[in-house]
Amino acid sequence: MNSTASHRPAGLGGVVVATALPYRADPAAPAGLAVDLDRYAEHCRWLLDNGCDGIGPNGSLGEYSSLTDAERRAVARTAVETANGDGTVIVGVHGAGSHQARHWAESAAEDGADGVLCLPPIMYRANPAEVIAHFEAVAAVGLPVMVYNNPYDTKVDLTPALLAEIARIDNIVAVKEFSGDVRRVLHIKEQAPGLHIISGADDVVLESLLMGATGWFAGFPNVFPAESAKLYALARAGRLEEARALYEPLVAAFRWDSRTEFVQAIKAGMDQVGRYGGPCRPPRGPLVPEHRAQVHADMARAITALEKLGASR
């Protein structure tokens with residue numbers, strides 16, 4: 001796609017941000033909320049300019065399941081156009097079946113994406129043979145594929161043994177590991193040594209990177225991009241004391257990335273630091289007052305700690 005691709009982290013790694021999606025009020029749009037592509041482009045640019053290695057449109061955090069097909073395509077194209085070779089663009093191609101996921105992978109290839117992120121079949125607890133066939137269909141499009149292990153939402157666990165089979169498929173290059181079990185990192189390395197392991201849960205990212213993960217497909221860098229890029233660099237360099245000093249005050253906020261209300265929480269965090277998070281489309285509603293207060297407190301702790309770390313430099 002561009003001349004900078006060879007300088008990017010291998011295996012679709014580095015800090016790739018699962019981008020939150022802004023809306024603007026529009027009575028004619030679904031749920032009265034239209035996708036704000038201009039604001040989305042500005043946000044993608046801000047993430048890349050603040051040290052992140054890539055952006056991931058149309059993931060769960062990007063509310064892909066609440067978008068029309070036209071909106072989903074427009075979001076992916078906006079991400080590619082905005083990155084313009086300055087970062088990796090990994091488009092979510094999740095679908096109920098392999099024909100839908102392959103369709104979105106073909107669209108991503110046409111639009112110039114660097115790779116795709118793909119869940120097993122959604123809305124159906126597929127068996128191992130069906131999971132493998134699903135990823136074969138997506139990988140046949142030709143883009144590098146990061147498979148996504150999220151056993152909580154899909155009810156399908158891409159175990160190390162199953163990943164060993166999936167990794168034999170041409171163009172499967174990485175797994176976004178969201179089981180929350182950091183023991184998986186070494187187990188996957190043993191079972192599928194050629195597969196890049198990408199931390200998918202913000203609240204175990206340091207542990208995963210120290211055990212050999214080569215990337216972070218992340219949520220809270222929507223709020224703290226420069227600090228997240230620094231955390232990643234410190235961890236990859238083995239500078240544990242500095243990495244822990246940065247990570248520990250952030251992890252309470254990061255835990256929201258693994259909760260049901262993760263989209264609302266991350267958008268609330270963006271609002272709190274002066275960015276625009278804004279509302280979500282149904283079925284996601286606003287945070288209940290108890291959760292909003294807790295997000296605010298966890299974010300305040302993180303912001304205060306980062307200010308202190310900045311002042312001590």
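Strand E9 (residues 196-199) is joined to strand E10 by 2 bridges, and the two strands run parallel; strands are DSSP runs of at least two residues (E) and helices are DSSP runs of at least four residues (H or I), numbered from the N terminus, and two strands are taken to pair if DSSP finds at least two bridges between them. The model is predicted, so that local features require pLDDT of at least 70 and side-chain atom pairs count only at pLDDT 80 or more, whereas totals for chains, interfaces and linings use all residues. Residues are numbered from 1 along each chain as its sequence is written, and side-chain values use heavy atoms, with hydrogens and water left out.

Helix H1 (residues 37-49) and helix H2 (residues 69-83) have axes that come within 9 Å and cross at roughly 40 degrees, the axes being lines fitted to C-alpha atoms over the stretch in contact and the angles running from 0 to 180 degrees between N-to-C directions. H1 and H2 are therefore oblique to each other, a term for angles that are not under 35 degrees (roughly parallel), over 145 (roughly antiparallel) or 65 to 115 (roughly perpendicular). The contact (heavy atoms within 4.5 Å) involves Leu37, Tyr40, Ala41, Cys44, Arg45 and Leu48 of H1 together with Ala74, Val75, Thr78, Ala79, Thr82 and Ala83 of H2. By class, 9 of these residues are nonpolar, 2 polar and 1 charged.

In the loop between H2 and strand E5 (88-92) lies Asn84, which is exposed, with a relative accessible area of 60%, where exposed denotes over 50%. Asn84 and Gly112 are 28 residues apart in sequence, and their C-alpha atoms are 9.6 Å apart in space.

For helix H3 (residues 98-111) and helix H4 (residues 128-139), the axes come within 8 Å and cross at roughly 25 degrees, and the two helices are therefore roughly parallel to each other. Ser98, Ala101, Arg102 and Ala105 of H3 make the contact with His134, Ala137 and Val138 of H4, a set that divides into 4 nonpolar, 2 polar and 1 charged.

Conventions: Nonpolar A, V, L, I, M, F, W, Y, C, P; charged D, E, K, R; others polar. Buried < 20%, exposed > 50% of the residue type's maximum accessible area, 1.4 Å probe, protein only.
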